[in-house]
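Subject: Structure handover

Hello,

Here is the structure we spoke about, with the sequence. My notes on what was found in it follow below.

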Amino acid sequence: MMASRRSPLFATLALILLSFVCLTQARRIRRSEQQLSARTNTMDLSKFQVPLSNGSTTLPSPTPSLVLKAITLGRGTQNYTCAAGSTAAPAAVGANADLLDVSSLVPLMASPQTAQLFLKLLTPYLVSFDFGIIQTVRIPILGKHIFDSTGVPVFDLGAKGVFKGKKTAGIAAPKAAYRGPNGRGEGAVDWLALAEVPGSVGLKECYRVETAGGKAPASCGGGAARNIEVQYATQYWFFG
């Protein structure tokens with residue numbers, strides 16, 4: 001998708017985000033995030049099922065005894081590093097993303113199928129625009145995703161809990177997954193299933209699905225040592 005088409009895309013994104021505001025019955029765009037978070041806690045997510053199949057391979061299902069606690073959209077960077085002179089693939093060193101809370105949006109849509117289609121269509125738009133633009137619409141940010149000093153992925157969801165996990169399964173993103181900002185990039189990162197490790201609070205499993213962007217180049221290409229940040233967006237589903 002060419003850069004000259006940013007304006008129509010931005011208009012579409014604005015409409016989608018405006019729909020979010022309307023569906024959550026926000027009286028003012030600048031309503032406090034604390035109020036929105038309080039509403040989120042009352043939403044029924046029991047009818048929603050995490051996407052597990054890329055069309056040919058399937059992630060394992062969530063543990064039946066667990067309950068869906070939150071659906072978020074992650075927007076940030078997948079981070080890699082290259083040693084000086086290396087021609088190997090960049091080494092993954094973590095991620096840094098904000099977690100946008102859509103738990104209060106999806107139950108208000110016409111059906112679970114409609115809501116999940118909406119979320120699937122939204123990730124390509126999120127990865128294609130500067131996150132600062134998206135933040136001006138005041139979608140509530142539920143938390144943050146980082147990696148700690150030992151390389152463990154951490155998801156801090158505030159009042160909903162903290163998830164520290166390890167990968168238990170992974171499958172390639174669908175072939176048609178959005179490659180990166182404006183449709184350009186190395187491709188979408190894998191879909192993942194993660195299980196809790198010590199330090200988690202209230203959350204036991206996490207799924208990364210419907211990814212857009214985030215893949216590193218195939219080779220460091222020699223040259224000086226450097227770090228690489230690759231823009232990505234995805235859905236994170238949390239169970240506890």
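Alanine 212 has a relative accessibility of 1%, and because buried means under 20%, this residue counts as buried. Please keep in mind that the model is predicted. Alanine 212 is part of strand E7, which covers residues 205-213. Leaving aside residues up to four places away in sequence, alanine 212 touches Thr123, Pro124, Val127, Tyr178, Ala188, Gln231, Tyr232 and Ala233. Between the C-alpha atoms of alanine 212 and valine 189 there are 7.1 Å, and the two residues are 23 residues apart along the chain.

Next, the aromatic residues. The structure has 6 aromatic pairs. Phenylalanine 155 and tyrosine 236 are both buried. Tyrosine 236 also pairs with phenylalanine 238; that pair is tilted, with 6.4 Å centre to centre and 35 degrees between the planes. Tyrosine 236 has a relative accessible area of 2% and is buried. Phenylalanine 238, at 0%, is buried too. One aromatic cluster is formed by Phe155, Phe163, Tyr236 and Phe238.

The largest pocket has a volume of about 380 Å³. Its lining consists of 18 residues, and Gln78, Ala92, Phe147, Leu192 and Arg208 are the closest to the centre. At least two lining residues each come from strand E1 (68-82), strand E2 (91-101), strand E3 (141-147), E4 and strand E6 (191-196). E2 gives the most, with 4 residues. By class, the lining of the largest pocket has 11 nonpolar, 3 polar and 4 charged residues.

The second largest pocket has a volume of about 320 Å³. It is lined by 18 residues, with Lys120, Pro174, Ala177, Trp191 and Glu210 nearest its centre. Helix H3 (112-128) and E7 each supply at least two residues of this lining. H3 has the largest share, 6 residues. The lining of the second largest pocket divides into 11 nonpolar, 5 polar and 2 charged residues.

Regards

Definitions and conventions:
Residues are numbered from 1 along each chain as its sequence is written. This is a predicted model: local features need pLDDT of at least 70, side-chain atom pairs count only at pLDDT 80 or more; totals for chains, interfaces and linings use all residues. Side-chain values use heavy atoms; hydrogens and water are left out. Buried means under 20% relative accessible area, exposed over 50%, partly exposed in between (1.4 Å probe, protein chains only). Contact means heavy atoms within 4.5 Å. Rings of Phe, Tyr and Trp (its six-membered ring) pair if their centres lie within 6.5 Å; planes under 30 degrees apart count as stacked, over 60 as edge-to-face and the rest as tilted. On a 1 Å grid over the protein atoms alone, a cavity is a set of points where a 1.4 Å probe fits but cannot get out, and a pocket is an open set with protein on both sides within 12 Å along at least five of seven lines; lining residues have an atom within 4 Å of a point. Grid points are joined across faces, edges and corners, and a volume is the space filled by probe spheres set on the points. Ala, Val, Leu, Ile, Met, Phe, Trp, Tyr, Cys and Pro count as nonpolar, Asp, Glu, Lys and Arg as charged, and the others, Gly among them, as polar.
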